[in-house]
Amino acid sequence: MTCKQCARAATGMWHGIGPDRGDRGMSLSVIRNLMIGIDPGVHTGVAVWDMERRELIAVCSTGMFGATGIVQRHHNEGHLHSVVFEDARLRKWFGSKGREALQGAGSIKRECQLWAEWLAAVGCSYRAVSPHSKGPKLDAAQFARLTGWPGRTNEHGRDAAMLVFGRIA
């Protein structure tokens, strides 16, 4: 999914989510089966995992407000099960980074705090997880082999996807 499609998803103009549910006759809007992974940062990674169909239906990166729009839309429509976000405040290891990297880390920690506050305020079920929990970074080819995702991705979208890929709740 491109950044443009991700932005359209936030405004409700993207129709890739909500396909006919076939012989069960159920629409996605009445089933809480979507889990959204968030990798906070300047380029916020977003991934939408369909727990029922067991497939990724969106992988992209956008700004924080684009990401909150995507979460808000699915929450309002009633099919959001929960959000899993990588919380830098839970990081237990620190390398020998320079001053700029440490300032960036402080910014990410603040953004994680904002995500937790916002998700609680809008009533979304969420879980903050350690950066270590998503496993090692994957390049595009490894990610495609593991997940079957056919589209282009960047590291932020892939990181968000690995937070939710394969989860059943």
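Buried here means under 20% relative accessible area, with exposed over 50% and partly exposed in between, using a 1.4 Å probe and protein chains only. Helices are DSSP runs of H or I with at least four residues, strands are runs of E with at least two, and both are numbered from the N terminus.

Before I continue, a note on the source: this is a predicted model, in which local features need pLDDT of at least 70, side-chain atom pairs count only at pLDDT 80 or more, and totals for chains, interfaces and linings use all residues. Residues are numbered from 1 along each chain as its sequence is written, and side-chain values use heavy atoms, with hydrogens and water left out.

The protein chain has five helices and five strands, in the order α-β-β-β-α-β-α-β-α-α from the N terminus. Of its 169 residues, 43% are buried.

Which residues of α5 are buried? They are Gly157, Arg158, Asp159, Ala160, Ala161, Met162, Leu163 and Val164. These buried residues pack against β1 (34-39), β2 (44-50), β3 (55-62), β4 (80-86), β5 (126-129) and α4 (140-147); contact means heavy atoms within 4.5 Å.

Let me turn to the ends of the helix. At the start of α5, a side-chain oxygen of Asn154 comes to within 3.0 Å of the backbone nitrogen of His156. Following α5 is Gly166, with a positive phi near 85°.

Next, the partner helix. The axes of α4 and α5 lie 11 Å apart, and the two helices pack at an angle of about 30°. That makes α4 roughly parallel to α5, a term for angles under 35 degrees. Axes are lines fitted to C-alpha atoms, for helices over the stretch in contact, and angles run from 0 to 180 degrees between N-to-C directions. From α4, Ala140, Phe143, Leu146 and Thr147 meet Arg158, Ala161 and Met162 of α5. By class, this contact has five nonpolar, one polar and one charged residues; Ala, Val, Leu, Ile, Met, Phe, Trp, Tyr, Cys and Pro count as nonpolar, Asp, Glu, Lys and Arg as charged, and the others, Gly among them, as polar.

Ala128 is found in β5 and is partly exposed, with a relative accessible area of 28%. Leaving aside residues up to four places away in sequence, Ala128 touches Phe85, Asp87 and Leu90.

Key. A polar contact is a pair of N or O atoms within 3.5 Å; within protein, one must be able to donate a hydrogen and the other to accept it, and residues adjacent in sequence count only if both atoms are side-chain atoms. Angles under 35 degrees count as roughly parallel, over 145 as roughly antiparallel, 65 to 115 as roughly perpendicular and the rest as oblique.
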